[in-house]
Amino acid sequence: MGRTKTTDRSALDIYLGALRDHLSIESKAIETALSELPVCERYPGLCQRMEQDLAMGRSHAREITVLLSRHGHPAPVPHETVSSILSTVSGLLHGGEARDVLKNVLAASGYRAHQITSLQVLIVLARQLGFAQDASALECLKDEETASAEALERLMPDIVSQYLAAA
């Protein structure tokens with residue numbers, strides 16, 4: 001005997017849900033970068049990478065919003081401004097230097113892997129739905145995320161050295 005589905009979701013519904021989920025991932029990455037930037041001054045390479053990632057995250061959020069709109073589903077109103085102010089104030093109040101830079105960089109690496117995998121899933125869904133233009137745009141986003149992850153990986157020796165020197 002088969003199970004009866006209580007809610008039927010089409011492939012399009014799954015794709016649109018995954019796009020919204022990815023927009024949330026991008027929004028969180030933007031929020032995190034905004035809160036971490038004020039405390040990374042001792043790590044110029046990391047600071048520069050974070051600024052680049054912030055710009056990339058904003059661009060990716062705009063692109064995902066365009067994809068959602070293309071399919072008749074406007075994205076939720078972004079809360080970046082409020083979130084960034086709260087995160088920045090929170091970072092300053094909690095004394096940024098007390099944060100563990102190595103722990104945060106490792107978390108960022110894991111989060112980047114999650115973003116890349118999310119984009120891979122979106123690409124497969126877009127292709128299966130016949131959305132070639134979406135798949136192409138998502139491939140570009142994935143390639144940029146992969147390049148960013150590789151750039152962060154190359155920075156690791158410098159970050160660790162700077163961290164140890166500051167300890």
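Predicted model: local features only at pLDDT ≥ 70, side-chain atom pairs only at ≥ 80, totals over all residues.

Student: Which helix gives the most to the lining of the largest pocket?

Tutor: The lining has 25 residues, with Thr32, Glu36, Met50, Asn104 and Ala108 nearest the pocket's centre. Helix 1, helix 2 and helix 4 each supply at least two lining residues. With eight residues, the top contributor is helix 4.

Student: What is the volume of the largest pocket?

Tutor: Rolling a probe the size of a water molecule over the atoms shows where empty space is left. For the largest pocket, the volume comes to about 510 Å³.

Student: Which residues does Ile64 contact, leaving aside neighbours within four places in sequence?

Tutor: Start with the largest nonpolar core, which has 32 residues. Ile64 is among the members that touch the most others, along with Tyr15, Leu19, Leu46, Leu122, Leu138 and Ile159. Helix 1 (11-36), helix 2 (44-70), helix 4 (101-128) and helix 5 (132-166) each give this core two or more residues. Beyond its sequence neighbours, Ile64 contacts Leu19, His22, Leu23, Leu138 and Leu141.

Student: Is the link of Cys40 and Cys47 left-handed or right-handed?

Tutor: A search of the whole structure finds one disulfide. It joins Cys40 to Cys47, S to S 2.4 Å, and both cysteines are buried. With 80 degrees about the S-S bond, the link is right-handed.

Student: Is Cys140 buried, partly exposed or exposed?

Tutor: Buried means under 20% relative accessible area, and exposed means over 50%. Cys140 has 45%, so Cys140 is partly exposed.

Technical notes: Residues numbered from 1 in each chain as written. Heavy atoms only, no water. Disulfide = S-S within 2.5 Å. Buried < 20%, exposed > 50% of the residue type's maximum accessible area, 1.4 Å probe, protein only. Core = buried A, V, L, I, M, F, W, Y, C linked by side-chain atoms within 4.5 Å. Helix = DSSP H or I, 4+ residues; strand = E, 2+ residues; numbered from the N terminus. Contact = heavy atoms within 4.5 Å. 1 Å grid on protein atoms, 1.4 Å probe; cavity = no way out; pocket = protein on both sides within 12 Å on 5 of 7 lines; lining within 4 Å. Points joined across faces, edges and corners; volume = space filled by probe spheres on them.
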